[in-house]
Amino acid sequence: MKKWKKVLAVGMAAATVFGTTVCAWGAQQKTAYTFTPDAGKAVQISVGADAQTTLGALGAAKESKTLANCANGGNDLVYCYDNFDVYTLRTGKKKVIVQSVVLKNDQVATEEGVKLGQTPKDVKKAYPDAVEENGLYTVTLGNSRITIDCGPGNDKVVDIAYDFVEDGR
C-alpha cells in the first residue's frame, strides 16, 4: 500500500510539473506595448522597431511630412495614415526607428481597448498601474510608454500616444 502511495505521489508531482510547463508555453510575458492598427491585418507596430520594416508592412501612407529635429541634428519623418500617425527618428547615420505612434480617432484602440472619447474610468480599468498627473495617464513597459490625455477637465480621452523610451525611462 505504501508503494502505491509513493507511485501516486510521484505521478501527481509529474502531472503538476508538466501542466505548469504547458501553461507557461502558452502564456507569453508581454515585454512592451504594441499597437495593431487593423484587426484584419497581422501588423503590429512596436516603438523602437526598425522603421523601414514597419512602414513596409503597413503599406503606403496617405501623406508623409518632414519634421526638423534639432535634438539629433537631422530631419525626421511622420507618416500619416487614416487613423494614426507614425513618427520616425534617425538614431544613427543609417538607422531609423519608430519613435511614436499617435492615434487620431475612435476607429482604433490600444490592445487593452482604450480609444478616443472614453473616460478616465475606462483608462484606469485597462491600465490599473497608470500614473495620473493633471489628466495625463502614463504606463511604461520595457522601452514603450503609452500616454493617454484625458483633457483639461480630465473627463474624456482626447489623445493617445505610444512613445519609445530609452531604457524604460
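1. A quick definition to start: a residue is called partly exposed when its relative accessible area falls between the buried range, under 20%, and the exposed range, over 50%. Asn-154 is a case in point: with a relative accessible area of 28%, it counts as partly exposed. Keep in mind throughout that this is a predicted model.

2. Staying with Asn-154, look at its backbone. The residue is not a glycine, yet its phi is positive, at about 50°. Where does Asn-154 sit? It is in the loop between β9 and β10.

3. Asn-134 belongs to the loop between β7 (131-133) and β8 (136-141). With a relative accessible area of 70%, Asn-134 is exposed.

4. One more asparagine, this time in a strand: Asn-75 is part of β4 (residues 74-80). At 48% relative accessibility, Asn-75 is partly exposed. Its C-alpha atom is 9.9 Å from that of Lys-65, a residue 10 places apart from it along the chain.

5. On to the sheet around β10. Strand β9 (residues 144-149) runs antiparallel to β10, and 6 bridges join the two. Within that pairing, Ile-148 has Ile-160 of β10 as its bridge partner. Strand β10 (residues 159-164) also pairs with β6 (residues 96-103), antiparallel as well, over 4 bridges. There, Val-101 is bridged to Tyr-162 of β10.

6. Which residues touch the most other members of the largest nonpolar core? They are Phe-84, Val-86, Val-101, Tyr-127 and Ile-148, out of 32 residues in that core. Two or more residues come from each of α2 (51-58), β5, β6, β8, β9 and β10. Strand β6 makes the largest contribution, with 4 residues. As background, nonpolar side chains in soluble globular proteins tend to be buried together.

7. Now the aromatics, of which the structure holds 4 pairs. Phe-35 and Phe-84 form an edge-to-face pair, with the centres 5.3 Å apart and 70° between the planes. Phe-35 lies in β1 (residues 34-35) and Phe-84 in β5 (residues 84-90), so this pair ties together parts that are 49 residues apart in sequence. Both Phe-35 and Phe-84 are buried. Tyr-81 and Phe-84 have ring centres 4.9 Å apart and planes at 15°, so theirs is a stacked pair. Tyr-81 and Phe-84 are both buried. Ring pairs join Phe-35, Tyr-81, Phe-84 and Tyr-162 into a cluster.

8. Leaving aside residues up to four places away in sequence, Phe-84 touches Phe-35, Pro-37, Ile-45, Leu-58, Tyr-79, Val-101, Val-102, Leu-103 and Lys-104. That list includes Val-101, which is also among the residues touching the most other core members.

9. Last, the cysteines. How many disulfides are there? The count is 0, with a disulfide taken as a pair of cysteine sulfur atoms within 2.5 Å. Cys-80 is buried at 8% relative accessibility. Cys-150 is buried too, with a relative accessible area of 0%.

Methods: Residues numbered from 1 in each chain as written. Predicted model: local features only at pLDDT ≥ 70, side-chain atom pairs only at ≥ 80, totals over all residues. Heavy atoms only, no water. Pairing = 2+ DSSP bridges. Buried < 20%, exposed > 50% of the residue type's maximum accessible area, 1.4 Å probe, protein only. Phe/Tyr/Trp six-rings, centres within 6.5 Å; stacked < 30°, edge-to-face > 60°. Core = buried A, V, L, I, M, F, W, Y, C linked by side-chain atoms within 4.5 Å. Contact = heavy atoms within 4.5 Å.
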